[in-house]
Amino acid sequence: MSSAGIAAGPLFAVVIGLLGILLSLLAEHLITRALPRLGGIPGGRTRITTAALTGMLFGALALRLGMEWTLPAYLLLAVLGVQLARIDVAHHLLPNPLVLTLLAAGLVLLFLGSFATAEWAELLRAAAGAAILFVIFLILALISPNGIGMGDVKLAAPVGLYLGHLGWSQLFYGGALGFVLGGILSVVLIRLKRANMGSEIAFGPSMLAAALGTVLLTS
């Protein structure tokens, strides 16, 4: 990732965090209108949780990236990532319109960042990362269809896009971390008796958490 961004202070992070809360609430309304099959607006506790998490991620990304041209792209990952995780947990579903929006809009925003800075290598690496992670997940889904769903395969493309933009090592470790988090979550749910060995456990949240964690914790 380019280091050309301007460092941001706490006030900037707070403002961006508040923006995240508003965009989370707006995203829920838009998703409800576009995808009525999901059952309408989620409950109050869920909305508060997702809004708070989105706001914290926005603030953390603002501090981490500063005023980089790529910041809007990663904010998009945060707001749609939280919504996709919420939906996957509740419905075991990763809706195509949201996944494709994350991929297409993310690519456009990263393109604009590369255009503004004239740094095209990162964009090419991002596109390659999307293709690589998609193919890896597709192969895994064909080998073990009960372990990886096609929704996870599709989500691998935008996750690979963002990780690839960070760097090759981030693509590798971020992709691997998703499996680690997914395994830990499965063990925890089984120990809590909220799942068994044959239960379908949402893998999308682990993929998205790994991607966002890699953004925040790596340079």
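Predicted model: local features only at pLDDT ≥ 70, side-chain atom pairs only at ≥ 80, totals over all residues.
**Entry 1: H4 against H6**

I looked up how helix H4, residues 96–117, sits against helix H6, residues 150–166. I noted an angle of about 25 degrees, with the axes 8 Å apart. Angles under 35 degrees count as roughly parallel, so H4 is roughly parallel to H6. The crossing of H4 past H6 is left-handed.

I then listed the residues that meet. H4 contributes Asn-96, Val-99, Leu-102, Leu-103, Gly-106, Leu-107 and Leu-110. From H6 I wrote down Lys-154, Leu-155, Ala-157, Pro-158, Leu-161, Tyr-162 and His-165. By class, this contact has ten nonpolar residues, three polar and one charged.

**Entry 2: H5 against H6**

I read an angle of about 150 degrees and an axis separation of 6 Å. Angles over 145 degrees count as roughly antiparallel, and H5 and H6 are therefore roughly antiparallel to each other. I recorded their crossing as right-handed.

On the H5 side I found Glu-122, Leu-123, Arg-125, Ala-126, Ala-127, Gly-129, Ala-130, Leu-133, Phe-134, Phe-137, Leu-138 and Ala-141. The H6 side has Met-150, Asp-152, Val-153, Lys-154, Ala-156, Ala-157, Val-159, Gly-160, Leu-161, Gly-164, His-165 and Leu-166. I noted that the residues of this contact divide into 16 nonpolar, four polar and four charged.

Comparing the two lists, I saw that Lys-154, Ala-157, Leu-161 and His-165 of H6 meet residues of H4 and also meet residues of H5.

**Entry 3: Positive phi**

I checked the backbone next. Most residues other than glycine have a negative phi.

His-92 is not a glycine, yet I read a positive phi of about 50 degrees for His-92. His-92 lies in the loop between helix H3, residues 71–91, and H4. Its relative accessible area is 36%, so I put it down as partly exposed.

Ala-118 is not a glycine either and has a positive phi of about 60 degrees. At 55% relative accessibility, Ala-118 counts as exposed.

**Entry 4: Aromatic pairs**

With ring centres within 6.5 Å as the cut-off, I counted seven aromatic pairs. One that I wrote out is Phe-172 with Tyr-173, whose ring centres are 5.1 Å apart and whose planes stand at 80 degrees. Planes over 60 degrees apart count as edge-to-face, so this pair of Phe-172 and Tyr-173 is edge-to-face.

I also looked up the exposure of both residues. Phe-172 is exposed at 57% relative accessibility, and Tyr-173 is exposed at 56%.

Elsewhere I noted one aromatic cluster formed by Phe-111, Phe-115 and Trp-120.

**Entry 5: Leu-185**

Which helix holds Leu-185? I found Leu-185 in helix H7, residues 168–191. Its relative accessibility is 32%, so Leu-185 counts as partly exposed.

I then asked what Leu-185 touches, not counting residues up to four places away in sequence. I listed Ile-201, Ala-202 and Ser-206.

For a distance check I took Leu-185 and Ile-139, which are 46 residues apart in sequence. C-alpha to C-alpha, I read 23 Å between Leu-185 and Ile-139.

Technical notes
Residues numbered from 1 in each chain as written. Heavy atoms only, no water. Axes fitted to C-alpha atoms, helices over the stretch in contact; angles between N-to-C directions. Helix = DSSP H or I, 4+ residues; strand = E, 2+ residues; numbered from the N terminus. Parallel < 35°, antiparallel > 145°, perpendicular 65-115°, else oblique. Left-handed = near helix turned anticlockwise from the far one by under 90°. Contact = heavy atoms within 4.5 Å. Nonpolar A, V, L, I, M, F, W, Y, C, P; charged D, E, K, R; others polar. Buried < 20%, exposed > 50% of the residue type's maximum accessible area, 1.4 Å probe, protein only. Phe/Tyr/Trp six-rings, centres within 6.5 Å; stacked < 30°, edge-to-face > 60°.
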